[in-house]
Amino acid sequence: MATDTLIKAIDITDVNRITSGQVITDLISAVKELVDNSIDAGANQIDLTFQNYGIDSIECSDNGSGIDQTNFQTLTLKHYTSKLSKFNEIMNVTTLGFRGEALFSLCNISKLIITTTINGPKANKIEYDKNGKILSNNITSRNTGTTIEIQELFKNLPVRRREFIKSAKNQFAKCITLLQSYAIIHEKIKFTIININSNNGRKNILLRTNKNEDMSKKILNVFGPTCLRGLIQINLDLNLNEVTEQIMKRENKLWKLMNNENSEVTSPLNESDNIIKVSGYISNNSVGVGHNSRDRQFLYINKRPITYPSINKCINETFKSFNNETNVKHPIFFINFEINPSLIDINVTPDK
């Protein structure tokens, strides 16, 4: 084998930059990780401030539980988490994210500064290097909670950085849609979203909701009164026990064929595990009801915003069929599926 084709290990610094770019792929994935962390910390107020659509910086401030000093050093290290200690616990995770993994990735592709306290007003302001190690730790003040600031996202990935700057406004618009989705489903949390113009320093408040409002009031707050027109509330249970029985019969046939045995596979789930609770709001089938585009269609699993094209398609086609294809509008819906966490794997891909 020629010397120039020798297979060799990639430097660990370069490996970290590559893998971090797979976890944090754009502005939306960065913001999602920050919001997930704030929700997991028990915050009921989350403020996001973007400088120049996130090109210069992104700041997420919450009034959650804060971070204990004993976790400052391990907070941003790769493969560190407080959410589980061994692999088989992953199916029982009910939180939204794994804080350490996301923050390590952000350290690698941006400048990361965390200000936090579990008992204000005395707080710590910590700056981390690209490897997730502490560069500086200074005393400051703030109320109980955490502020995470990301500066120069993708600064260590020149091509990604140029692409981000080029498409920043488009990514920012998608990011606002995601934040609207969070604001509507988390009824107890107050969200405030601000963008600061880099040229004149002008603050533009893009979203502001209130605490402890039900979903209909959140929708009204985010999209205005016209969005509520024609919406009906849904609250039902989907019983999948019959489907589960059919699946188990099929699995037993395969088991016997493969193992040449008469033993049967039994489901480890209880009947209650196969009940999916569906709640939220959806447009009725009246002509004229709905929206001109599909940008007001939100799905959730256990209050986690998701993208599920097959469900969207089913709802849209059903809505169209009831209107005999005369309604050019699209249904508006905000639907949450409450499912036993052990039946789904939300960490099957890095972006969850």
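In which strand is Phe-333 found? Phe-333 is found in strand S13, residues 333–338, where strands (E, at least two residues) and helices (H or I, at least four) are DSSP runs numbered from the N terminus. The model is predicted, so that local features need pLDDT of at least 70 and side-chain atom pairs count only at pLDDT 80 or more, while totals for chains, interfaces and linings use all residues. Residues are numbered from 1 along each chain as its sequence is written, and side-chain values use heavy atoms, with hydrogens and water left out.

View 1. Phe-333 counts as buried at 0% relative accessibility; buried means under 20% relative accessible area, exposed over 50% and partly exposed in between, with a 1.4 Å probe and protein chains only. Leaving aside neighbours within four places in sequence, Phe-333 is in contact with residues including Tyr-281, Ile-282, Phe-298, Leu-299 and Ile-315, contact meaning heavy atoms within 4.5 Å. The C-alpha atoms of Phe-333 and Gly-280 are separated by 7.6 Å, although these residues are 53 apart along the chain.

**View 2. Packing of helix H5 against helix H6.** Helix H5 (residues 168–185) and helix H6 (residues 215–223) pack with their axes 8 Å apart, at an angle of about 150 degrees, which makes H5 roughly antiparallel to H6. Axes are lines fitted to C-alpha atoms, for helices over the stretch in contact, and angles run from 0 to 180 degrees between N-to-C directions; those over 145 degrees count as roughly antiparallel, under 35 as roughly parallel, 65 to 115 as roughly perpendicular and the rest as oblique. Among the H5 residues that meet H6 are Gln-180 and Ile-184, and their H6 counterparts include Met-215 and Val-222.

View 3. Most residues other than glycine have a negative phi, and most peptide bonds are trans.
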